[in-house]
Amino acid sequence: MKNYRAELTGVFGDPVDDNPTGVVEEAAFAAKNLNYRYLTIKVRPEDLETAMNSVRIFDMRGINLTMPHKIKVIPYLDELSPAAEIIGAVNTVIQKDGRLYGENTDGKGFVTALKAFGETLENKTVTILGAGGAARAIAVECALNGARQIHIINRSQEKGMELAALIRSRTKSDSAYIPWTRNIVIPEDTDILINGTSIGFSPNVTEKPDVDYTSIRPNMCVCDVIFNPCDTLFLKAAQKNGAKTVNGLGMLVQQAALNFTLWTGEEAPVEVMEEALRKEF
Ligand code: NDP
């Protein structure tokens, strides 16, 4: 029998018009010859409960959540992954037999991208600039992957202290908050340094985090969450010092790949997805 019904996935957000994930997932579905669709859907905050019910009603395979729904969606889910539970935010939902399972693939995408560059986290010291949604997911996932120490450097003291306390209380890693003073020196014991802030995102491409760039050493692996542009001033400055760098495209592609596998059960065509994204930017 011929099947005219496509399997549905997508993203709920507001605003959501400029979210490029659909391009990446649709390229992957096509490459794997899967009759799946990825819909970019505007859902206002007050409509989130109804929208989540519609995931069940339309028998969707799942949905991504972006701003402002990542935290607010939790009461409408049946189950959370351990990482999503600690992070307190969900970016991917899988629907099976009417049950909604929440996962957070932001941090997992980062860790997968890091490993693809030949880096490991076991016993490493990680320094993260930022304590927002992306930094939080990355910090938790680095801790769950064996990082020994996580330094959190953030402009707002309250958020920075809260994230360090979360890592200490909910994971086996040690963590401390370091106030972001001007021209801050990166702790000498840092193995992996991550810009988890929004500094440098297009159109503000001439901005870079206020750190003492002479304190970035050649033995450090330096990463950025910013994917547009992917060659940020932060990474360029780190490269000048001889450090190995990992850009934000890898994280974006790897989390989209994880979502693809969670929804379809198939291995993701990562190279196709990366190429689709590269063309987009
Ligand atoms: P949030 O708004 O949750 O957090 C922003 C963070 O940046 C906060 O820690 C904030 O500090 C800090 N920040 C912003 N401006 C400055 C500044 N001028 N000086 C110092 N600190 C600053 O955003 P998200 O965490 O959700 O996203 C952060 C970035 O990560 C975005 O650009 C997003 O596009 C990118 N991202 C990339 C992904 C990828 O796959 N590559 C995935 C998810 C996000 P404070 O707490 O003091 O306000």
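Mentor: Start with the record. The UniProt entry, which is unreviewed, places the feature "active site" at Lys70. UniProt positions follow the numbering used here, feature names are shortened, and annotations may be inferred rather than shown by experiment. This is a predicted model: local features need pLDDT of at least 70, side-chain atom pairs count only at pLDDT 80 or more, and totals for chains, interfaces and linings use all residues. Residues are numbered from 1 along each chain as its sequence is written, and side-chain values use heavy atoms, leaving out hydrogens and water.

Trainee: In which loop does Lys70 lie?

Mentor: Helices (H or I, at least four residues) and strands (E, at least two) are DSSP runs, numbered from the N terminus. Lys70 lies in the loop between strand S3 (62-65) and strand S4 (79-80).

Trainee: Why is Lys70 classed as partly exposed?

Mentor: Buried means under 20% relative accessible area, exposed over 50%, and partly exposed in between (1.4 Å probe, protein chains only). Lys70 is partly exposed because its relative accessible area is 26%.

Trainee: Which residues is Lys70 in contact with, leaving aside neighbours within four places in sequence?

Mentor: Contact means heavy atoms within 4.5 Å. With those neighbours set aside, the partners of Lys70 are Leu65, Ala89, Val90, Asn91 and Asp106.

Trainee: How many residues has the largest nonpolar core?

Mentor: A nonpolar core is a set of buried Ala, Val, Leu, Ile, Met, Phe, Trp, Tyr and Cys residues joined through side-chain atoms within 4.5 Å. Phe110, Val126, Ile128 and Ile150 have the most contacts inside the largest one, and its residue count is 34.

Trainee: Which element gives the largest share of this core?

Mentor: Several elements each supply at least two residues, including helix H4 (105-116), strand S7 (125-129) and helix H5 (133-144). The largest share is 7 residues, and the element is H5.

Trainee: Which residues does a second, separate core include?

Mentor: This second core has 20 residues. Among them are Phe227, Leu252, Phe260 and Met273.

Trainee: What share of the chain's residues count as buried?

Mentor: The chain has 9 helices and 12 strands. Of its 281 residues, the buried share is 51%.
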